[in-house]
Amino acid sequence: MVCGGSGCKSSQSDIIVEKFKQELESQKLDQEVQVVITGCFGLCDKGAIVKILPDQTIYTQVSPNDVSKIVKEHIVLGKPIEERCLKAPQGKEIEAHKTQIRIALRNCGIINPEVIEDYIAYDGYEALGKVLTEYSPQQTIDIIKQSGLRGRGGGGFPTGLKWEFAARAKGDQKYVVCNADEGDPGAFMDRSILEGDPHSVLEAMAICGYTMGATEGLIYIRAEYPLAIKRLQIAIKQARESGLLGHNILGTGFDFDISLKFGAGAFVCGEETALIHSMEGLRGEPTVKPPFPAESGYNSKPTNVNNVETFANIPAIINKGADWFASIGTEKSKGTKVFALAGKINNVGLIEVPMGTTLREVIFEIGGGIKDGKKFKAVQTGGPSGGCLTEKHLDTPIDFDNLIAAGSMMGSGGMIVMDEDDCMVSVAKFYLDFTVEESCGKCAPCRIGNKRLYETLNKITEGKGTMEDIELLQNMSHVIKDTSLCGLGQTSPNPVLSTLENFYEEYVAHVADHKCAAGQCKSMLKYLIIPDECVGCTACARVCPVGCISGEKKEIHLIDQSLCIKCGACMDKCKFNAIELI
Amino acid sequence: MPKVNTIADLRKLKAELQSKIQKREKAENPESVIQIRVGMATSGIASGAKEVFEYLTEEMVKRNINGMAIQVGDMGYCYAEPTVEVLIPGQEPVVYGYVDVKKADKIIEKHIKQGELLDGIIPPNYQSIN
């Protein structure tokens, strides 16, 4: 196989192909050996690349002159030319290009999500069949427990244990609930799974139903995910028609059916008690745990709530075994995690990496580094409940416990990368704005405290803050964390605390020097005309939307700071670089 | 789709479906077809994947190509949407990013008809467990 990517083409790969064909013909091997032009191997810096099958040898930096030697020694005599092969240390490099392992996303982008046959061809419903015919409910729970799977919605609670609680709870009716209320800004992991592989979630819910003795499943999904809803509806219909949902599934006497419940897209409804209330038609407000949903959940019956990604892992664990799953990841966090990589990064996208992958690998290898060659500043994980991690955390292996130790959290998997142009006070303000908006208002610390936090941050970004305000932020954050009712309030000050911890000097610069190094806090900026550079062309005065620039032709102009709205139009217009921003 | 009544039914159906897929992917098999997977999650559709999908479906028929376009979920390369993956029987799959109708035309004319690879190939960056 010869790489025909554009990188290798420029290294004469098409001539290499011709040479191989000629050489093989002259050795009378053209009937046995096929020359194939393939897509890029992702090793473009070492082009041209030639791969020999079946032994998988990779030759790098091949030139047309090497062809005859490769054919004579490797193909005819079966002796690879050692010094030209990609060797172990570089072999690792090939691996590095594939740090991702797709388990939850295994079928995403592969199968047609609207065709159940596609899913079945890729082992679909095999796990359900296996569980129903070969394992008892307890055996199934034991497999999940052994696999070490932890809830992917954010908390990281062991899934097997959760199932066991629900299985032990007594009730005439029990429910399996799938939490598809994905609400972190910039997160789209669950949506992608539901849009790309809806049947895997349905299958896992049925498996869960079998273990806990539930016959009914509900998917709580936000109405703002119309495509995911449509594909789920199609999937449910197909599964019912083929007898994989409904009565007497696969002739085993097990009944299970799934319906959808739509949410209006409130962040707090991702919290399981609030979610259950919302499904019951009540206000989406959390209640104190205990009682846990496993004892008294939907309609006061035992209920097990898992996140979409958690469910998507289940069929793979059943099919491939607990040991296989437990072999991936770190000691306490097994398997993989899906992240929605966003922000100032070259390769924005949906990724799935084994637990224990470092932030550096995610951001600089998979993510392709920071946009426009700028400097990395921070990465926000865990959404509004998480925190910002900095350069010193780049080599931290990502797992549930390490991220918490570093002052952030796994969350559901949003990962927003920031560069030198981002003001960390503004970032904290952005998240607080979000939590203020999304707080349900039931408990005072969250309702009032977050609002005060937001106002204080706003004061600082406007250049009116004091050192006491910084202290106030700290104290207030701790009180809100300690006294709020649910997870939303208990975590909402995290963006403030983690930016205070990692970027304290930036807060001080805002307060003491009235300076925003990133240039984002507009009210602190000043546009000034440099007298020595100004030629008096009047271009700036003409473009100024509020008419605050005065000056005669060929004379030095002046900006009236009290009227300036800091739009920057004058600076863009000036051809003489006579306007500076301080 | 027939009703699946037992696990034996399910496994039989799976074996049939799998062999059908494998046949499609073998170059020498008379049933083999070219498949173009179009990433059609919300992100893809928002970037115009639907137009590309419809274009490919129509044009492959018009240009007498034994192939089909298939809608699939998110491939993960959201920065380069719309993305398509070209599967030609007997060859390694190739993923292209930033595919609009113009590029889709080139994929049919150059890649599929003449076996010539185009610019903008995205190297696969994950291992599959399938």
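This is a predicted model: local features need pLDDT of at least 70, side-chain atom pairs count only at pLDDT 80 or more; totals for chains, interfaces and linings use all residues.
**Close-up 1. Two strands side by side in chain B.** Six bridges tie β1(B) to β2(B), and the two run parallel; strands here are DSSP runs of E with at least two residues, helices are runs of H or I with at least four, and both are numbered from the N terminus. Two strands count as paired if DSSP finds at least two bridges between them. Look for Val38(B), which stands opposite Gln71(B) in β2(B).

Residues are numbered from 1 along each chain as its sequence is written, and chains are lettered from A and ligands numbered from 1 in the order in which they are written.

**Close-up 2. Chain B on its own.** Chain B has four helices and six strands, and along the sequence they follow the pattern α-β-α-α-β-β-β-α-β-β. Its C-alpha trace spans about 45 × 30 × 30 Å along the principal axes. Of its 130 residues, 40% are buried, where buried means 20 or more other C-beta atoms within 10 Å of the residue's own, exposed means 12 or fewer, partly exposed is in between, and C-beta atoms are placed from the backbone.

**Close-up 3. Where chain B touches chain A.** The contact takes 40 residues from chain B and 54 residues from chain A; two residues are in contact if their C-beta atoms, placed from the backbone, lie within 7 Å. On the chain B side, α1 (7-25), β1 (34-39), β2 (67-72) and β6 (126-128) give two or more residues each. Which of them gives the most? That's α1(B), with seven residues. A strand pair also crosses between the chains: three bridges join β5 (residues 100-102) of chain A to β6(B), and these run parallel. Within this pair, Gln100(A) stands opposite Tyr126(B).

**Close-up 4. Helix α17 of chain A.** This helix covers residues 424-438, and its 15 residues reach 21 Å from first C-alpha to last, close to the 21 Å expected at 1.5 Å a residue; the expected span is 1.5 Å times one less than the number of residues. Its buried residues include Met424(A), Val427(A), Tyr431(A), Leu432(A) and Phe434(A).

**Close-up 5. A loop around Gln61(A).** Gln61(A) lies in the loop between β4 (57-59) and α3 (67-76) of chain A. Is Gln61(A) buried or partly exposed? Gln61(A) is partly exposed, because 14 other C-beta atoms lie within 10 Å.

**Close-up 6. A stretch of chain A to treat with care.** Chain A averages a pLDDT of 89, and 93% of the residues score at least 70; pLDDT is the predictor's confidence in each residue, from 0 to 100. Over residues 87-97 of chain A, though, the pLDDT is below 50, and beyond near neighbours in sequence this stretch has seven contacts in the model.
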